Amino acid sequence: MDHKKTILITGGAGFIGSHVVRLFVKNFPQYQIVNLDKLTYAGNLENLRDIENLPNYRFLKGDITDEPFIENLFAQHPFDSVIHLAAESHVDRSINGPMAFINTNIIGTVNLLNATKKSWTGNMENKLFYHISTDEVYGSLGEEGLFTEETPYDPRSPYSASKAGSDHMVRAWHHTYGLPVVISNCSNNYGPHQFPEKLIPLAICNIKSNREIPVYGKGENVRDWLYVEDHATAIETIFHSGKTGRTYNVGGNNELRNIDLIRILCGIMDNRLGRKQGESEKLVKFVRDRPGHDLRYAIDNTRITGELGWRPSVGFRKGLEKTVDWYLENEKWVSSVLTGAYKSYYRSQYDDR
Ligand code: NAD
Ligand code: DAU
């Protein structure tokens, strides 16, 4: 772990990426971290203000779908490793506009694989292409069972199908060209810096300003929630100790029905905002369901815990309180992302629902 490396992290200005960049920049000063991000609506350099001047960090604005740009980038930089998080990440947006997902998540990933292969051919030693993926590639569970690394792929939304496509490409470059790769598939993350299109930050923002909390269907869908900093430590563990060619599922052993999660969140918000208990819950509005809404995700994380010794460290209530406090204390960040574009997205998604 002591030797120098130059690591390309893609999507480092996004939610999870910014936590991963911070962890690597701060904990591994011997590594040079290059953060490549297109700065879409989801990318925000405010997420990295505290580390932007550190000597082992550099930001590059660029698009992974731009093949000549990516080729040139690899020709100019001797990257030892890639940690690939850049993606279009929101299921509802993928339902309304799948092409951006196919372009970034599949074509963009293939551009990176090709450039890496070209740059590393003849010297694959100590190199690693680490692809960050999602549990959604496995499809939807019924009431029982957990996703293991052997669960057959069964993606059911344009987002999850595009992520599954990218996972297949990464494995194909490993088997066909010998590219050293590792993949992890993680469950739902929450925490600071998450764009308020996703359930938890959206609900926090709405509750704060006394707006309805839109709960899809009957709120019975189940997700397995992991605090984002725990995902970042899992990524660091897999990066340093994962076995090449292997897949690791990452999850928090923390399944909740959406409506139960929202009730816990409302209780915390009542407490923080000095409201009477039960007040925020009155904002819940059951709305038309997401088309093709996956019922349940749940992760069997025995491989990463057993083989690599990683464990989630933040309990759900504590993590949710930390998240609420961050959003309440960072009004400037929140108002800077609740732009006209966000408002028009919100209207198109939720009006008449
Ligand atoms: P995010 O939407 O918050 O951030 C994505 C980042 O990628 C943004 O900074 C964006 O600007 C950048 N980006 C998008 N298109 C790009 C392009 N063409 N070129 C360069 N940069 C581009 O996403 P997130 O929630 O932080 O997710 C990060 C990764 O983790 C994704 O690959 C996602 O599939 C995966 N993942 C997310 C979760 C979750 O719960 N959020 C769970 C498991 C896996
Ligand atoms: O499982 C990992 C995945 O988790 C990641 O790969 C995705 O990038 C990430 O967006 C997330 O996907 P989900 O669709 O599960 O997350 P989202 O926050 O959009 O929704 C969580 C649950 O809440 C889901 O069952 C849908 C529901 N929901 C969501 C929104 C935005 C609502 O009921 N109302 C809402 O307004």
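Which side chains meet in a salt bridge at 2.7 Å, N to O? They are those of Asp 92 and Arg 290, in a predicted model in which local features need pLDDT of at least 70, side-chain atom pairs count only at pLDDT 80 or more, and totals for chains, interfaces and linings use all residues. Side-chain values use heavy atoms, with hydrogens and water left out, while residues are numbered from 1 along each chain as its sequence is written, and chains are lettered from A and ligands numbered from 1 in the order in which they are written.

**Salt bridges**

- A salt bridge here is a side-chain nitrogen of Lys or Arg within 4 Å of a carboxyl oxygen of Asp or Glu, and by this rule the count comes to 20.
- Lys 285 is partly exposed at a relative accessible area of 33%, and Glu 212 counts as partly exposed at 46%.
- The side chains of Lys 198 and Glu 197 meet in a salt bridge at 3.5 Å, N to O, and Glu 197 is buried, with a relative accessible area of 2%.
- A network of salt bridges links Arg 257, Asp 260, Arg 263 and Glu 281.

**Ligand 1**

- Ligand 1 is surrounded by 28 residues, of which the closest are Ile 16, Asp 37, Ser 89, Tyr 159 and Lys 163; a residue is counted if one of its heavy atoms lies within 4 Å.
- A nitrogen atom of ligand 1 is 2.9 Å from an N or O atom in the side chain of Asp 63, and an oxygen atom of ligand 1 is 3.0 Å from a polar backbone atom of Leu 85.
- The protein covers 96% of the 840 Å² of accessible area that ligand 1 has on its own, with areas taken from the Shrake-Rupley method with a 1.4 Å probe.
- Strand S5 gives the most to the shell around ligand 1, with three residues.
- By class, this shell has 12 nonpolar, 12 polar and four charged residues.

**Ligand 2**

- Around ligand 2 there are 24 residues, the closest being Asp 135, Tyr 159, Arg 290, His 293 and Tyr 350.
- An oxygen atom of ligand 2 is 2.6 Å from an N or O atom in the side chain of Tyr 159, and a polar side-chain atom of His 293 lies 2.7 Å from an oxygen atom of ligand 2.
- The protein covers 95% of the 680 Å² of accessible area that ligand 2 has on its own.
- H3 and S8 each supply at least two residues of the shell around ligand 2, and S8 gives the most, with three residues.

Methods:
Buried means under 20% relative accessible area, exposed over 50%, partly exposed in between (1.4 Å probe, protein chains only). A polar contact is a pair of N or O atoms within 3.5 Å; within protein, one must be able to donate a hydrogen and the other to accept it, and residues adjacent in sequence count only if both atoms are side-chain atoms. Helices (H or I, at least four residues) and strands (E, at least two) are DSSP runs, numbered from the N terminus. Ala, Val, Leu, Ile, Met, Phe, Trp, Tyr, Cys and Pro count as nonpolar, Asp, Glu, Lys and Arg as charged, and the others, Gly among them, as polar.
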